[in-house]
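Morning, everyone. I'll keep this short. Have a look at the chain first, then we'll walk through it.

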Amino acid sequence: MAPRKKPLPSSEDRLISQRTAQRLIREPEFISSLDELENAYLTQWAATRPQEQEKREVAYYGLKAVRDVRARLERLASAAVVRDKQEQIEHERGPKCPSCGAGVGEQHGEGCSILAANLARLNAMTGKPNA
Ligand SMILES: [Zn+2]
């Protein structure tokens, strides 16, 4: 059987996980739990005797898992920061034309339906036939 492809997360799903990550990495109790786990694995690792390779590996993979979780959350949270900045910039630029995406003070693009509708209305007001 062919492996089922996992659908890509929607932009909304991504936003939710970014926001969740942002909240988690600001949560002192969550962060101190991660710190405690890391310290516990490091202590375990350091306490092994030379011949206890397996114990060291267990501690190593535990530490790695905790650090992977931390890194993933930090990546998600910084994506949220980037997204917020982009939204802020968009907001400062003002509204955009829903048809062609032109911003305030910008020329409407070719084939813009809003521009065409405005021209038609203008022509109707001035009595000119529509082009
Ligand atoms: Zn337009």
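Let me start with a question: is Lys55 buried, partly exposed or exposed? Lys55 is partly exposed, because 14 other C-beta atoms lie within 10 Å. Here are the cut-offs: a residue is buried if 20 or more other C-beta atoms lie within 10 Å of its own, exposed if 12 or fewer, and partly exposed in between, with C-beta atoms placed from the backbone.

Some ground rules. This is a predicted model: local features need pLDDT of at least 70, side-chain atom pairs count only at pLDDT 80 or more, and totals for chains, interfaces and linings use all residues. Residues are numbered from 1 along each chain as its sequence is written.

How confident is the predictor? Helix H2, residues 28–46, has the highest confidence, at 97. Helix H1, residues 11–24, has the lowest, at a mean of 89.

Now the layout. The chain has four helices and zero strands. Helices (H or I, at least four residues) and strands (E, at least two) are DSSP runs, numbered from the N terminus. The radius of gyration is 28 Å, well over the 14 Å that the globule rule gives for 131 residues, so the chain is more spread out than a compact globule. That radius is taken over C-alpha atoms, and the globule rule is 2.2 Å times the number of residues to the power 0.38. Along the principal axes, the C-alpha atoms fill a box of roughly 95 × 45 × 20 Å. Of the 131 residues, 3% count as buried.

Next, helix H3, residues 53–93, where Lys55 lies. The 41 residues of H3 should span 60 Å at 1.5 Å a residue, and the end C-alpha atoms are 59 Å apart, which agrees. The expected span is 1.5 Å times one less than the number of residues in the helix. H3 is hardly covered: two of its 41 residues are buried. Just after H3, Gly94 takes a positive phi of about 90 degrees.

Who else sits in H3? Glu54 does. Glu54 is exposed, because it has 9 other C-beta atoms within 10 Å. From Glu54 to Arg4 is 35 Å between C-alpha atoms, and they are 50 residues apart along the chain. Tyr61 is also in H3. Tyr61 counts as exposed, with 11 C-beta neighbours inside 10 Å. The C-alpha atoms of Tyr61 and Ala120 are separated by 68 Å. Back to Lys55: its C-alpha lies 39 Å from that of Asp13, 42 residues away along the chain.

On to helix H4, residues 113–126. How many of its 14 residues are buried? The number is zero, so H4 lies largely in the open. H4 reaches 20 Å from its first C-alpha to its last, close to the 20 Å expected. Just after H4, Gly127 takes a positive phi of about 80 degrees.

Last, the domains. The domain assignment gives domain 1 (11–93) and domain 2 (96–131). Such bounds come from an automatic or database domain assignment. How far apart are the C-alpha centres of domain 1 and domain 2? They lie 50 Å apart.

Methods. pLDDT is the predictor's confidence in each residue, from 0 to 100.
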